[in-house]
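Reader: I have a new model open and would like to learn how to read it feature by feature. Could you walk me through it?
Author: Gladly, let us look at it together.

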Amino acid sequence: MEISSKEMTRAEFGLPDDGFVFCCFNSHYKINPEVFDVWMRILRQVPQGVLWLIEGSEKLMANLRQAAQQLGIDGNRIIFTDKIANSEYLARYRLADLFLDTFIYNAGSTAISALWAGVPVLTRPGNTYASRMGASICAAADLTSLICPTNADYEKTAIYLANHPKSLAYRRRHLSQNRSKLPLFDVPGFVQNLETALRQMWENYQRSFSSR
């Protein structure tokens, strides 16, 4: 995935230069009251933090800001951004500090894009396939420490990383320095493993068929 070399600044997207930028570019239907409440508790504990989301309809954006206000968070701390060309979209991720995954339906390609751009992803798996994609992706990126078993762990980890820049920087370096080695981005290795699995399935089928 090509990442644009275009220079971008936080200011041009309405982000604070010195604040901590939590982002989630998942589709809005994945944002339910449970995860939104956790996000607002995180913002309450990280006063310099903002939440960066993909823009939607005027009504949707107003509703989310109003929901934040009802939970005691300034609605202006939710910042929306438009959709842009993919290479620039990937480059824009680098303005964020940490990707916050949704719960009922995790990020898929969105999480992979964030990790490819060097932004760590914090996730909390559930009991369904759709709610466990984030954990699989983080594991394949060797970021198992960012797979949180509970909402409380998710909240605590987000707050810790926002207040411990060295710990966050370590994870960002891990992504930038090992990107070509991580299983998540090893396409030839994935193809080889898939071919091996299919071959074994076929051989097992032939053996079981011939033994009838």
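Reader: How many salt bridges does a search of the whole structure find?

Author: The search gives 4 salt bridges. Please keep in mind as we go that this is a predicted model.

Reader: Let us take them in turn. Which residue forms a salt bridge with E34?

Author: R124 is the partner, and the closest N and O atoms of the two are 3.2 Å apart. E34 belongs to helix α1, while R124 is in the loop between β5 (121-122) and α5 (133-140), and the two are 90 residues apart, so the pair links distant parts of the chain.

Reader: Which residue does E155 pair with in a salt bridge?

Author: With R41, where the closest N and O atoms are 2.9 Å apart. This pair also links distant parts of the chain: E155 is in helix α6 and R41 in helix α1, 114 residues apart. E155 counts as buried at 16% relative accessibility, whereas R41, at 31%, counts as partly exposed.

Reader: And how do D82 and R92 meet?

Author: Their side chains form a salt bridge with an N to O distance of 3.6 Å. D82 is in the loop between β3 (78-81) and α3 (86-93), and R92 is in helix α3, 10 residues apart. D82 counts as partly exposed, with 35% relative accessibility, while R92 is buried at 0%.

Reader: Let us step back to the overall fold. How many helices and strands are there in the protein?

Author: There are 8 helices and 5 strands. Reading along the sequence gives the pattern β-α-β-α-β-α-β-α-β-α-α-α-α. For the overall dimensions, the C-alpha atoms fill a box of roughly 70 × 35 × 35 Å, taken along the principal axes.

Reader: What share of the contacts join residues at least 24 apart?

Author: Among contacts between residues at least 6 apart in sequence, the share is 74%. As for burial, 47% of the 212 residues are buried.

Reader: How should I read the nonpolar core?

Author: Start with the general idea: in soluble globular proteins, nonpolar side chains tend to be buried together. Turning to this case, the largest nonpolar core has 65 residues, and F22, W39, I42, W52 and L100 touch the most other members. Helix α1 (residues 33-45) gives the most to this core, with 7 residues.

Reader: Which residues is I42 in contact with, leaving aside neighbours within four places in sequence?

Author: I42 is in contact with F22, L100, Y154, E155, A158 and I159.

Reader: What about F36, and where does F36 lie?

Author: F36 lies in helix α1 and is buried, with a relative accessible area of 6%. Apart from neighbours within four places, F36 is in contact with I31, L64, A67, A68, L71 and I78. The C-alpha atoms of F36 and A162 are separated by 18 Å, and those two residues are 126 apart along the chain.

Reader: Where is the place of S113?

Author: S113 is in helix α4 (residues 109-117). At 7% relative accessibility, S113 counts as buried. Not counting residues up to four places away in sequence, S113 touches M1, Y89, L90 and Y93.

Reader: Finally, helix packing. At what angle do helix α6 and helix α7 pack?

Author: Helix α6 (residues 151-163) and helix α7 (residues 165-178) pack at about 100°, with their axes 5 Å apart. Angles of 65 to 115 degrees count as roughly perpendicular, and that is how α6 stands to α7.

Reader: Which residues of α6 and α7 meet?

Author: Y160, L161 and N163 in α6 meet P165, S167, L168 and R171 in α7. Sorted by class, this contact has 4 nonpolar, 2 polar and 1 charged residues.

Note on methods
Residues numbered from 1 in each chain as written. Predicted model: local features only at pLDDT ≥ 70, side-chain atom pairs only at ≥ 80, totals over all residues. Heavy atoms only, no water. Core = buried A, V, L, I, M, F, W, Y, C linked by side-chain atoms within 4.5 Å. Buried < 20%, exposed > 50% of the residue type's maximum accessible area, 1.4 Å probe, protein only. Helix = DSSP H or I, 4+ residues; strand = E, 2+ residues; numbered from the N terminus. Contact = heavy atoms within 4.5 Å. Axes fitted to C-alpha atoms, helices over the stretch in contact; angles between N-to-C directions. Parallel < 35°, antiparallel > 145°, perpendicular 65-115°, else oblique. Nonpolar A, V, L, I, M, F, W, Y, C, P; charged D, E, K, R; others polar.
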